[in-house]
Number of protein chains: 2
Amino acid sequence: MKALHVDLAERSYPIYIGKGLLADCQRLLADKLNTQVMIISNTTIAPLYLDQLKQALSGYHLHSFIIADGEKYKTVDTYTDIITELLHRRLHRQCTLIALGGGVVGDISGFVAATYQRGVGYIQVPTTLLAQVDSSVGGKTAVNHALGKNMIGAFYQPQAVLADIGVLDTLPGREFNAGLAEVIKYGCINDADFFAWLMDNVAAMQQGEPEAIAVAVERSCRNKAEVVAQDETERGVRAILNLGHTFGHAIETAQAYQDCLHGEAVAIGMAMAADLSVRVGRLAEADKERIHQLLRLAGLPVQLPCNVTAATLGSHMAMDKKVKDGRLNLVLLDAIGHAVVTADVAESQLMATINAFMPSRASA
Amino acid sequence: MKALHVDLAERSYPIYIGKGLLADCQRLLADKLNTQVMIISNTTIAPLYLDQLKQALSGYHLHSFIIADGEKYKTVDTYTDIITELLHRRLHRQCTLIALGGGVVGDISGFVAATYQRGVGYIQVPTTLLAQVDSSVGGKTAVNHALGKNMIGAFYQPQAVLADIGVLDTLPGREFNAGLAEVIKYGCINDADFFAWLMDNVAAMQQGEPEAIAVAVERSCRNKAEVVAQDETERGVRAILNLGHTFGHAIETAQAYQDCLHGEAVAIGMAMAADLSVRVGRLAEADKERIHQLLRLAGLPVQLPCNVTAATLGSHMAMDKKVKDGRLNLVLLDAIGHAVVTADVAESQLMATINAFMPSRASA
């Protein structure tokens, strides 16, 4: 087992990474759990792992609540359903929530934990590659609004994260690849050596090689934890973690979260950010090509889906949280391993990138 | 003008107290406001003071949103209405919310500020005595749930509080008195000299004497700020601020927030807490009598309303946030000016107090 420490003063917490951790969680979480525990999971994951987790935590007073699976259920309605259930079961302020599932379960459970009785303890048990390398680290919690993704939320840290590599065995290949998008992101923004390692090892990961997966999860979490520790509430450097996300969120919003997986939208977004970085004279064309190549190796899309128009995309980007004083802040690359946040992009350059990624053009 | 500083490290903020501050707010808030400003008010206060506030802030890009007046609108629905409006108007993460109104407007606006795009800046402009002395200090934000008051919320500090004594001129007498309940509370829990001062000055306050009101607001805020600075998220000493509130919230929940004003419910709750403190041998009978006397001088109720049953009250108290490991924590008094938090109360003693305050008994 690998253990990482996210350093956030009194909000610091450990991340445990390894195969078979679920069975060992009572020991790993002994000093974190309160007597009352509510496990929140979804209709896909609960049949696979809920009983196992419950058996492993036999010493506690356990409750569970199952939500529907999918980004379109990451809503205020699902959020209030969970709150109502907590109140019905009379869970008090000294309870612990456990999020057993992917990014949606983690984000919504984290927001419940942040706001139920003004804040209760919670543990993340991420069951997708994407959640293990991204959404379980850094304390961003949220639900979506019809007018924008993650528009309602809070910064709220878990008390521990338990990333069991073993549960990825049941993850569909398309979702595994979507998680690789965030893994590749850490290479792009912060870690050129890791990017090179991924070029050589992404195939082994896709074949389910546990050691390769554990290395990638640990290195991704370490990269993210380093950035988050410098800037917990995203006043500055943390914004580089959004590489590909301003484009990606706009794609997801334009599709009402129905077609692209989040990681797929981020992959397209990273390909676009690399393209825009070349257009504004920051990134070498060869580096852009390597990024597109690694994304393709990972089985990820690198052009816009055909149900998205350039105008819709531009409009959704203008609503992004990263808009500051009326200007859109974008994460671009100076090189593989080095990201910058800049508002210094002309509208015409941005639209040139969007147009270049429209399916008609890209296939031309 | 008086100015107080609430000391919470990087979340510290000033409270300005005085007559006519509304007209001067552009100067007072100059370093706090972002370009985009959304004023949130209610149907009672907006016709009286919204234009005045807007004129005083003529240098900003102003929006406003008016919610219905009353505790029963402090709901998730109203909360999401405000969020939707913010998104429709395209307010970005660097906006500022201003809460212009009483405790409900402050609590709900604060929760919006805490969670819109994971947190934006906000300013409190409390327009009731209760909000000036209590809900604008300490960072508790919340909305109600059908199963309990303030069950959804966050700790989130404003960037400044502007308590204009002048706006209390239009406050109905019953609401002014309800605010006195919280003022009296500070005397009871933390400040025996202030309690004695109130015995002599509560009449002057009710006659609208601005100097007496300013002294009481400033001393109340100072008392609260002192306690909050020691314990921002209520892990310990801050709980003494809940004197009368466990009883009070149960009364409000039992009445679906329709009959008693919050301050009136707290007044009854304080009278009951004093009674229970005598029953468990902590408080002298004479001190209980002085507390009941001051509450009556302030025009506040000291017995339960007739539409509440002892069983309902007991049941709602068992749901309170202050329940810890299955035991109800109550704030009791050892003396006027000295509160303690204790779980050391027998069920029979608690029920004896509840029964003693039922209207039939109390009038017997």
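Modeller: One term first: buried means under 20% relative accessible area, exposed means over 50%, and partly exposed lies in between (1.4 Å probe, protein chains only). This is a predicted model, in which local features need pLDDT of at least 70, side-chain atom pairs count only at pLDDT 80 or more, and totals for chains, interfaces and linings use all residues. Residues are numbered from 1 along each chain as its sequence is written, chains are lettered from A and ligands numbered from 1 in the order in which they are written, and side-chain values use heavy atoms, without hydrogens and water.

Biologist: Is B:C221 buried or exposed?

Modeller: The relative accessibility of B:C221 is 0%.

Biologist: How many disulfides does a search of the whole structure find?

Modeller: A disulfide is a pair of cysteine sulfur atoms within 2.5 Å. Over all chains, the search gives a count of 0.

Biologist: How far is the sulfur of B:C221 from the nearest cysteine sulfur?

Modeller: B:C221 takes part in no disulfide. The nearest cysteine sulfur belongs to B:C188, at a distance of 17 Å.

Biologist: Which cysteine has the sulfur closest to that of A:C25?

Modeller: A:C25 is itself buried, at 1% relative accessibility. The closest cysteine sulfur is 17 Å away, which is too far for a bond, and it is in A:C95.

Biologist: How many salt bridges are there over all chains?

Modeller: A salt bridge is a side-chain nitrogen of Lys or Arg within 4 Å of a carboxyl oxygen of Asp or Glu. Counted over all chains by this rule, the total is 42.

Biologist: How many residues apart in sequence are the parts that A:R174 and A:E264 tie together?

Modeller: The side chains of A:R174 and A:E264 form a salt bridge, with N to O at 2.7 Å. A:R174 is in helix α6 (residues 173-190) of chain A and A:E264 in helix α10 (residues 262-279) of chain A, so the pair joins parts whose separation in residues is 90. Helices (H or I, at least four residues) and strands (E, at least two) are DSSP runs, numbered from the N terminus.

Biologist: In which helix do A:K185 and A:E182 lie?

Modeller: Their side chains meet in a salt bridge of 2.8 Å, N to O, and both residues are buried. They are 3 residues apart, about one turn, in chain A helix α6.

Biologist: Which helix holds A:E285 and A:K288?

Modeller: These side chains form a salt bridge with N to O at 3.7 Å. A:E285 is partly exposed at 41%, whereas A:K288 is buried at 12%. They sit 3 residues apart, about one turn, in chain A helix α11.

Biologist: Where is A:A9?

Modeller: A:A9 has a positive phi of about 50° and is not a glycine. Most residues other than glycine have a negative phi. A:A9 is exposed, at 58% relative accessible area, and its place in chain A is the loop between β1 (2-6) and β2 (13-18).

Biologist: Is A:Q117 buried or exposed?

Modeller: A:Q117, also not a glycine, has a positive phi of about 50°. Its loop runs between α4 (103-115) and β6 (121-126) of chain A. With a relative accessibility of 2%, A:Q117 counts as buried.

Biologist: How far apart in space are A:A298 and A:I184?

Modeller: A:A298 is in the loop between α11 and α12 (310-318) of chain A and is buried at 0% relative accessibility. Along the sequence, A:A298 and A:I184 are 114 residues apart. From C-alpha to C-alpha, the separation is 9.0 Å.

Biologist: What distance separates the C-alpha atoms of A:I213 and A:H88?

Modeller: A:I213 lies in helix α8 (residues 210-230) of chain A and is buried at 5%. A:I213 and A:H88 are 125 residues apart along the chain, and their C-alpha separation is 40 Å.
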